[in-house]
Amino acid sequence: MNEPVIDLTSINAVVFDTDGVVTDTARGHAAAWKHVFDAFLRGRSEPFDIRDDYLRHVDGRPRLDGIRAFLDARGITVPEGSPDDEPGAATVHGLGLAKDQTFMAQVEKYGVAAFPSTVALLHELRRRGARTAAVSASLHGRKLVTSAGVMHLFDLLVDGNDAALMNLPGKPDPALYLEAARRLALPAARVAVVDAALPGVAAGRKGGFGLVVAVAREGGGAGDLRAAGAEVVVSDLAELAIQGKVPPVTS
């Protein structure tokens with residue numbers, strides 16, 4: 001198993017997924033999904049498993065893609081509906097709106113925290129000349145990162161609003177990560193990706209990035225993350241060492 005190291009002589013930038021990597025929001029997302037799916041599943045199927053179902057079907061995916069994937073796994077079909085549906089309606093959009101409403105109510109009530117080890121890593125990367133970017137499939141990505149007080153530690157952010165405007169597919173397609181690399185003016189081979197979800201790790205591998213780091217908090221799903229393409233798996237970014245410095249740009 002490779003040592004948990006980022007070598008800045010070959011990697012010039014690091015792109016971070018937000019949920020579960022930068023912001024401590026994954027548990028809030030999982031709880032919101034369970035609240036919405038359990039109400040919908042009553043009388044139709046077994047309750048939503050807040051760990052296995054979340055990790056396998058919705059974690060790291062755009063919200064509507066996650067709903068489709070989970071319902072397909074349960075053999076349940078519902079209409080697509082539209083963004084004008086009532087939150088909680090038995091449609092893909094209705095369930096998505098209910099989840100968004102539930103999650104953002106939690107954010108408004110409790111706020112958003114950044115992982116201290118990630119903040120420390122971001123400071124060290126920037127001190128050594130590396131560029132940094134944040135990627136989120138969420139339409140609220142910018143709000144969440146700003147609320148966590150860490151936007152200043154990123155050169156740029158690509159979120160669900162960018163994906164919608166540019167018609168970019170969601171993970172496991174690497175489009176969001178490749179767009180971040182493009183905005184950093186770097187080839188993917190000179191960029192590291194850090195993600196905590198299976199679709200994000202798969203996206204990093206498919207995109208040809210120079211290093212794919214997975215965060216398996218409390219060791220959960222480490223084997224699956226390696227199988228998806230992670231070269232380095234850590235339970236917390238405090239375990240990740242930084243070597244070297246990014247060479248200065250010369251004209």
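## A pair in the sheet

Ala-134 sits opposite Leu-157 of β4. Strand β3 (residues 131-135) is joined to β4 by three bridges, and the two run parallel. Strands here are DSSP runs of E with at least two residues, helices are runs of H or I with at least four, and both are numbered from the N terminus.

This is a predicted model, where local features need pLDDT of at least 70 and side-chain atom pairs count only at pLDDT 80 or more, while totals for chains, interfaces and linings use all residues. Residues are numbered from 1 along each chain as its sequence is written, and side-chain values use heavy atoms, leaving out hydrogens and water.

## The whole sheet

Let's zoom out. Six strands make an open sheet, ordered β4-β3-β2-β5-β6-β7, with parallel pairing. Two strands count as paired if DSSP finds at least two bridges between them. At the edges stand β4 (156-158) and β7 (232-234), each with a single partner strand, so one side of each has no neighbour in the sheet. From one strand to the next, the twist averages 20 degrees.

## Helix α3

Which residues of helix α3 (residues 63-73) are buried? They are Gly-66, Ile-67, Phe-70 and Leu-71. Buried means under 20% relative accessible area, with a 1.4 Å probe and protein chains only. Looking down the axis of α3, the buried residues fall within an arc of 120 degrees, so they line one face of the helix. That arc uses the directions from the helix axis to the C-beta atoms.

After α3 comes Gly-75, with a positive phi near 70 degrees.

Note on methods
Buried means under 20% relative accessible area, exposed over 50%, partly exposed in between (1.4 Å probe, protein chains only). Axes are lines fitted to C-alpha atoms, for helices over the stretch in contact, and angles run from 0 to 180 degrees between N-to-C directions.
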